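Let's take a walk through this structure together, one stop at a time. Have the sequence and the 3D view open as you read.

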Amino acid sequence: MSNNDLQPIHAPPQDFARRYLFSLDHKWIAKQFLVTGLLFLALGGTLAFMIRWQWAFPGRPIPFLGNLLYPSSGGSVTPSAYNTIFTMHGLIMVFWGIPALLIGAFGNYTIPLMIGARDMAFPVLNMLSYWIYVLSGVILLAAFVVPMGAAGAGWTTYPPLSSNVGMPGLGQSLVVLALFVVGVSTIMGAVNYITTVIRLRAPGLTWMRLPQTIWGLWLTSILNLLWVPVLGSGGLLLLADRTFGTRFFLAGAAVGPEQGDPILFQHLFWLFGHPEVYILILPVWGIIGDLLAFFSRKPAFWHKGSVYSMILVTVLSGFVYGHHMYVTGISPTLGLTFEILTLSISFPAVILFANWLRTIWKGSMRLHTPMLFSLGVVWVFGIGGLTGLPLGTISTDLYLHDTLWVVGHFHLTMGAASLLGSFAGIHFWFPKMFGRMMDERLGKIHFWVTVIAITAAFVIMMAAGYAGQQRRLFDPYVYTYIQKLAPLNKMTSMFAFTLISAQALFAINFIKSIFAGKKASENPWEVGTLEWTLPSPPVFHNFDVVPTVVRGPHEMANPELSSKLGRDWASQTEVVDGMGPAQAPSSAA
Ligand code: HEM
Ligand SMILES: [Cu+2]
């Protein structure tokens with residue numbers, strides 16, 4: 001039974017609801033995730049603006065939004081409102097913004113097209129995963145309008161602060177419920193992605209012929225499947241504490257004889273929480289692993305080594321979470337074990353990094369916007385990765401824990417890298433998604449302003465952290481030792497304001513190009529992966545005939561092939577006389 005039979009061609013739907021709302025087409029669902037994710041990023045960015053305003057001009061009314069949101073305090077933020085701002089900023093960025101882009105949009109769009117499939121293995125599950133994501137977003141937003149406001153216990157939601165004692169009111173419960181529901185959507189997506197890559201690869205598309213983009217997304221889906229349920233279980237127990245008066249995470253005299261344990265929640269949170277940082281970066285590693293090769297016009301250096309490194313990081317990511325808990329009174333032996341495991345995870349990361357540098361080395365680079373953003377990821381991830389070492393090491397972490405060094409570090413490795421990686425992916429696949437090109441000039445201006453401002457904003461933040469400034473402080477300047485850091489904080493905020501406002505350039509470019517961008521050809525970037533063998537945009541059922549793959553994803557600059565084809569790239573399906581592998585293998589081993 002060939003793949004052609006395995007995946008019958010469905011006729012495109014006719015009615016509006018099936019076509020635009022409850023579509024089963026992975027390409028449309030990808031666009032739904034893309035637009036919804038961008039809106040949540042905009043909300044997360046607005047909250048970041050408010051944080052940085054408060055640190056630059058403590059107590060001064062927030063421009064544009066202050067009077068609307070905080071009329072009772074004359075438009076300026078109150079201490080409890082500030083707790084809600086950074087908590088919801090972190091949660092929205094990590095659970096509703098970035099994953100919708102990297103996993104929801106790119107996963108949905110690229111997986112079937114890059115493996116030669118007509119759709120996901122479970123189209124209905126796919127459609128439902130988007131609408132359950134939307135439902136979780138509605139529950140989350142509802143928390144902003146209930147009495148006493150939304151969650152305010154930090155994105156880590158640690159009890160007892162996140163219990164009824166620390167955060168009375170419905171808001172915190174709604175946010176924990178929203179986290180549980182977005183987790184359900186994530187697991188649905190993971191099941192779909194994992195099955196599709198295993199079952200629907202085109203004939204000849206062996207595992208090592210898969211583009212790194214697909215490896216990144218596939219491994220991320222495995223992490224989601226393994227670790228999101230752990231967060232879900234912690235959330236349910238916390239909801240039980242808040243709603244039914246159980247005491248899973250409550251301890252102390254007031255609790256009575258049945259003592260719970262707040263530290264237990266931290267274990268459950270970080271068992272998920274550390275793999276989560278790789279869930280947000282593996283798709284980016286995959287995307288830039290391909291794009292750096294495509295735009296350097298060279299094969300990806302040691303492709304196999306990069307794939308094995310991503311696999312090793314995926315495995316190790318579940319064994320290092322204790323580095324978030326060095327200051328919880330963890331036993332020295334356990335602490336040291338987590339320290340060694342944490343530092344060892346840098347080896348595969350360094351191999352990946354070295355492979356990226358070797359790929360671009362002596363490449364004939366085409367500095368189109370997707371390439372610039374990919375190079376931006378290499379840059380911010382390089383700095384971010386290095387600054388993680390003193391946090392993985394117990395002795396230095398005891399000093400740096402909960403300072404702005406931590407905040408700066410994860411914004412570079414998780415925030416900036418996933419943001420720049422998302423822009424690289426959007427600029428790269430936009431022509432295939434919408435049949436038009438994005439504006440390169442606007443794209444380049446957006447890139448340079450963003451990469452300079454994001455580096456400055458987060459590196460300077462680390463300097464404030466090194467000087468001892470703690471995170472999550474409503475007014476840091478109540479502490480005399482932080483008062484001298486006020487100018488530094490003001491400067492950081494100026495860079496953050498520049499960064500946030502520069503995203504308007506992207507919004508203009510994105511919307512304008514959808515309707516008025518230059519028409520895109522089938523393969524504007526001249527690369528060999530399967531999606532670029534299709535029209536821009538592809539037909540509803542993707543492939544008229546499921547292709548047969550005869551080579552890897554990065555066939556570039558092969559002199560023999562170039563002389564035969566008269567160009568420096570070959571597609572994964574192109575059989576070239578006299579060039580191996582001539583014969584197409586019977587099935588996808
Ligand atoms: C637009 C750029 C951004 C700026 C200027 C920014 C700024 C900040 C600042 C200043 C804080 C510290 C708040 C405090 O400790 O009181 C913070 C916290 C946080 N940010 Fe961002 N951020 C940005 C983008 C992102 C992105 C893209 C992500 C995620 C992928 C992210 C995730 C987080 C998380 C998880 C926290 C911790 C919240 C907590 O302490 O509970 N941020 N952000
Ligand atoms: Cu970690």
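Start at H323, which counts as buried because its relative accessibility is 11%; buried means under 20% relative accessible area, exposed means over 50%, and partly exposed is what lies in between, using a 1.4 Å probe and the protein chains only. Before going further, some housekeeping: this is a predicted model, where local features need pLDDT of at least 70 and side-chain atom pairs count only at pLDDT 80 or more, while totals for chains, interfaces and linings use all residues. Residues are numbered from 1 along each chain as its sequence is written, chains are lettered from A and ligands numbered from 1 in the order in which they are written, and side-chain values use heavy atoms, with hydrogens and water left out.

Back to H323, then. Donors here are N, O and S atoms within 2.8 Å of the metal (3.2 Å for Na, K and Ca), and water is not among the atoms, so sites may look incomplete.

Now hop over to ligand 1, which has an iron atom coordinated by H89 (NE2) and H411 (NE2) at 1.9 to 2.0 Å. This pair ties distant parts of the chain together: H89 sits in helix α5 (residues 79-115) and H411 in helix α16 (residues 404-434), 322 residues apart. Helices (H or I, at least four residues) are DSSP runs, numbered from the N terminus. Both H89 and H411 are buried. Why is the arrangement around the iron called octahedral? The six donor atoms subtend angles of 87 to 178 degrees, which makes it so; six donors count as octahedral if opposite donors are over 155 degrees apart and all others between 65 and 115.

Around ligand 1 there are 24 residues, and the closest are Y82, H89, W155, H411 and R472; to be counted, a residue needs a heavy atom within 4 Å. The largest share of this shell, seven residues, comes from α5. By class, the shell has 16 nonpolar, five polar and three charged residues. For that count, Ala, Val, Leu, Ile, Met, Phe, Trp, Tyr, Cys and Pro are nonpolar, Asp, Glu, Lys and Arg are charged, and the others, Gly among them, are polar. Look also at the oxygen atoms of ligand 1: a polar side-chain atom of Y82 lies 2.6 Å from one, and a polar side-chain atom of R472 lies 2.6 Å from one as well. For R471, the distance from a side-chain N or O atom to an oxygen atom of the ligand is 3.0 Å.

R297 has a positive phi of about 55 degrees although it is not a glycine, and it is found in the loop between α9 (262-296) and α10 (303-316). With a relative accessible area of 2%, R297 is buried. E526 also has a positive phi, near 55 degrees, but E526 counts as partly exposed at 33% relative accessibility. Its place is the loop between α19 and α20. That loop also holds P537, and the peptide bond from S536 to P537 is cis, with omega near -10 degrees. Another cis peptide bond runs from P159 to P160, with omega near 5 degrees.

Conventions
Four donors count as tetrahedral if all angles lie between 85 and 135 degrees; four count as square planar and six as octahedral if opposite donors are over 155 degrees apart and all others between 65 and 115; anything else is irregular. Helices (H or I, at least four residues) and strands (E, at least two) are DSSP runs, numbered from the N terminus. A polar contact is a pair of N or O atoms within 3.5 Å; within protein, one must be able to donate a hydrogen and the other to accept it, and residues adjacent in sequence count only if both atoms are side-chain atoms.
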